[in-house]
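Subject: Structure handover

Hello,

Here is the structure we talked about. Please open it beside this message, as the notes below follow it piece by piece.

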Amino acid sequence: MTPDLTRRQLLGVTLAALAASSLAACGPKGSPPGKPGLSWYGGDPVHEAMQELVRLYGSKHPDVDVVAQFSAFDDYWDRLATQTAGRSAPDVMRMSMSYLADYADRGALTDLSAYLGKTSETGKLISIDDMAPDIADSARIDGAYYGVSQSSIANAAFVNRDLVAALGVPDVDESWTWADFGTWAKEVGAARDDVYGSMDQGGSLQLFESYVREHGTEMFTADGSNLAFDQGVLEEWWAYWDDLRANRGAPPAAVSAEVAGFDTWPLAKGTTPVGFGWVQQVAFVQPFLDGPLDILTPPTAGTGTSGLFVKCLDFWSIASTSSQPDEAARIIDFLVNDDDAIRTLGIVLGVPPSERAIGLLDLDAGSAEQRAVDYVGRIADVVPPAPPAWPLGYNELLTLFTKLGQDISFGEAGVSDAATEFFEQAARVLR
Amino acid sequence: MSALGELRTLRRQGAHKGSQALSEAARKEERAAYLFLVPWLAGLVLITAGPMVASLYVSLTDYNLLQPPEFLGLANYLQMLDDERLLNSLGVTFVYVFVSVPLQLAAALGIAVVLNRGMRGLAFYRSVYYLPSLLGGSVAVAVLWRRLFGADGLVNQGLALLGVHDAPAWVADPDTALGTLVVLNVWTFGAPMVIFLAGLRQVPVSLYEAAAVDGAGRWARFARITLPLITPIIFFNVVLQIIHAFQAFTQAFIVSGGTGGPSDSTMFFTLYLYQTGFGNFQMGYASAMAWVLLVIVAAFTAINFWASRFWVFYDD
């Protein structure tokens, strides 16, 4: 049979096919009923625990078939951005503080105000009555709640006391100021030629935020439209770490530039007795060391003002395009409040966000996990209130800060030029 | 493309033959051909041309992926002139292209000439040397590279055996990180090598015999016979590898852990484009960058074709 199509018919068919496919791309695309999507980022421990939770939810709600999607942190965001642009974001997604404002300010997340409340209130699907206010409010932007907190975390210093003792340098405690710490770190570096004082934090915007807060301001203005601190504070910070690098108080630039996974941390390799990070990271570094890592509050300016804060940096959020937000809310409530879910998770997502949840955990006394939990509990009531959610563009500044820190450490840029550059770029990125 | 050529031939045949009935049959056949081409045309329009037109439009807008694009005109293109990181990434890319491509082609030609001397086990050696170009662009090899050239990597362990103890951490030092990527690209010389081998086989043996009779040495034969006769192959490889090198992404992405670091020393244009689009949600700017890359690649290809008339020798 010879197909007898005229050119016009052919054109018609092609256009119709094109129209159909483009229409399909524009229509509402949410998940099919009974099959809500749930996505998260993390390493293998997170994937294992979360998959167990998905099974658990399925056994408690046989009519719901949760569709799980998960990947490593960096890959997660490429995928989520593309999915969101295509209106097919998963109903429930793990959201990081680094991206929260990027998504929330652009209408990609549901305001959860209508769902949050006390267990006793009717119609409130997600109970947050166990959470401390700083934690419950972590994802609050302009009065709206864009995420439910998964954990409470804080900056911390990790100290390998065995190495300190072996080096024969004085012991350290939480009374340390940045000045004391610098002197001590150089002393450590002088004690042995394969050891340096501290992991290099010059490129860490997150520890720098605590440093800024010691100087009396927040990092960002309240509306997130600009930096709130003086350029001199940043120059001081970078000059401080430059001095440490020059005097063996911190490793040379190329050593720090190689740091990637926890196994490559100089602290984990025994190259420095001190490292810094978010408190739950102690559990990821500890396996590489024989002796226990002690958790201390980072050094302070010595003015009596602490810059530390306890906050949540990872959330469960609901996509604004979700076709079943109620089911999504029930899933979130399960993830943060169900006793079995809490026990299964342990601290793989961080120290749980409420006292009740912490009480349900059965951690070994003296384990790194237990020490992390203790640290958060110990400082929660003494540190000043947490800063507001990080503003739109935070992620871009985070990358830039690390890059400029490297420029300085490799001698590619001077401290004040780099600081000027950071302020100029921040003015462009923040709105 | 050959299908279109056949179509044209068909049409010409139809025009030649005056008979109404035959031309009708040819036309039917032509329609059938179009029908069979529909999947390919649909693919071209939906998967290549469509997205390209869309990205050209997006490049003129402020588009954060999550909200509808806002029209800006040429602002994205103008902003690039002030973007120091972008200009730096162009510099890094140019160094990469213009250092690694000549080295890679020289290695490919050298090995091809050696293999062409008809040694035993040629097929085996050809496969061995071709293997890296299959693996070189892969994630696994980039991960391996990071290990090889790390501070405690195999390369430095080897150097330590030779008595060199203060070797740098190659991938973590801005002065050497790009060099490791160049080495990685040179290592993947297998694909152009196979093409060179095919070209070398085409050179008539009688020419070498005649030259040998005239007393030409090995080098003279290579320079006066081999090189001129394979210039079309060299040209082909130069064009292809330059385009390929401009588009390099995976190696830098993996070796630098996605950062382009240390200190932007491995920040390829493509990597900066990717960070801008997916990390910073500036898809409009990223699209504009993609078009600039296209223009750069097209310009270099055009220059290559123009310059080829001065040095490429066609036998036929």
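B:Ala216 sits in the loop between helix H10 (205-213) and helix H11 (218-229) of chain B. Keep in mind throughout that this is a predicted model. Setting aside residues up to four places away in sequence, B:Ala216 touches B:Ala211, B:Arg221 and B:Arg224. After H10(B) comes B:Gly215, with a positive phi near 95°.

Chain B as a whole is divided into domain 1 (2-58) and domain 2 (78-311). Taken over C-alpha atoms, the centres of these two domains of chain B are 38 Å apart.

Now chain A.

Its secondary structure comes to 18 helices and twelve strands. The radius of gyration of chain A is 24 Å, close to the 22 Å that the globule rule gives for 431 residues, so chain A is as compact as a globular protein of that length. Along the principal axes, its C-alpha atoms fill a box of roughly 90 × 55 × 45 Å. Of the 431 residues of chain A, 48% count as buried. Take the contacts in chain A between residues at least 6 apart in sequence: 74% of them join residues at least 24 apart.

Chain A also has a domain assignment. It gives domain 1 (37-151 + 313-366) and domain 2 (155-308 + 393-429). The C-alpha centres of the two domains of chain A lie 30 Å apart. How many residues of domain 1 of chain A are in contact with domain 2 of chain A? Seven, and they meet seven residues of domain 2. By class, the domain 1 side of that contact has four nonpolar, two polar and one charged residues.

Next, the sheet in chain A.

Five strands form an open sheet, in the order S2-S1-S3-S12-S8, with mixed pairing. Strand S2 (67-71) and S8 of chain A stand at the edges with a single partner strand each, so one side of each has no neighbour in the sheet.

Look at strand S12 (residues 314-318) of chain A in particular. Five of its five residues are buried, so S12(A) is largely enclosed by the rest of the structure. In a regular strand the side chains alternate between the two faces of the sheet. Both faces of S12(A) are covered. On one side are A:Asp314, A:Trp316 and A:Ile318, and on the other are A:Phe315 and A:Ser317; all are buried.

S12(A) has these pairings:

- Strand S3 (residues 92-96) of chain A runs antiparallel to S12(A), joined to it by five bridges. A:Met95 has A:Phe315 as its bridge partner in S12(A).
- Strand S8 (residues 148-149) of chain A pairs with S12(A) over two bridges, also in the antiparallel sense. Here A:Val148 stands opposite A:Trp316.

Then the core.

In soluble globular proteins, nonpolar side chains tend to be buried together. In this model the largest nonpolar core has 182 residues. Those with the most contacts inside it are A:Leu100, A:Ala154, A:Phe158, A:Val279, A:Ile332, A:Ala372 and A:Val376. Which helix gives the most to this core? Helix H4 (residues 84-115) of chain B does, with ten residues. Apart from neighbours within four places in sequence, A:Ile332 is in contact with A:Val92, A:Ile126, A:Val148 and A:Trp316.

Last, the interface.

33 residues of chain A are in contact with 30 residues of chain B. Helix H1 (7-26), helix H3 (73-85), helix H4 (97-104), helix H10 (253-257) and helix H17 (394-409) of chain A each supply at least two residues of the side that touches chain B. By class, that side of chain A has 15 nonpolar, eight polar and ten charged residues.

Best wishes

How values were computed
Residues are numbered from 1 along each chain as its sequence is written. Chains are lettered from A and ligands numbered from 1 in the order in which they are written. This is a predicted model: local features need pLDDT of at least 70, side-chain atom pairs count only at pLDDT 80 or more; totals for chains, interfaces and linings use all residues. Two residues are in contact if their C-beta atoms, placed from the backbone, lie within 7 Å. Helices (H or I, at least four residues) and strands (E, at least two) are DSSP runs, numbered from the N terminus. Ala, Val, Leu, Ile, Met, Phe, Trp, Tyr, Cys and Pro count as nonpolar, Asp, Glu, Lys and Arg as charged, and the others, Gly among them, as polar. The radius of gyration is taken over C-alpha atoms; the globule rule is 2.2 Å times the number of residues to the power 0.38. A residue is buried if 20 or more other C-beta atoms lie within 10 Å of its own, exposed if 12 or fewer, and partly exposed in between; C-beta atoms are placed from the backbone. Domain bounds come from an automatic or database domain assignment. A nonpolar core is a set of buried Ala, Val, Leu, Ile, Met, Phe, Trp, Tyr and Cys residues joined through C-beta atoms within 7 Å. Two strands pair if DSSP finds at least two bridges between them.
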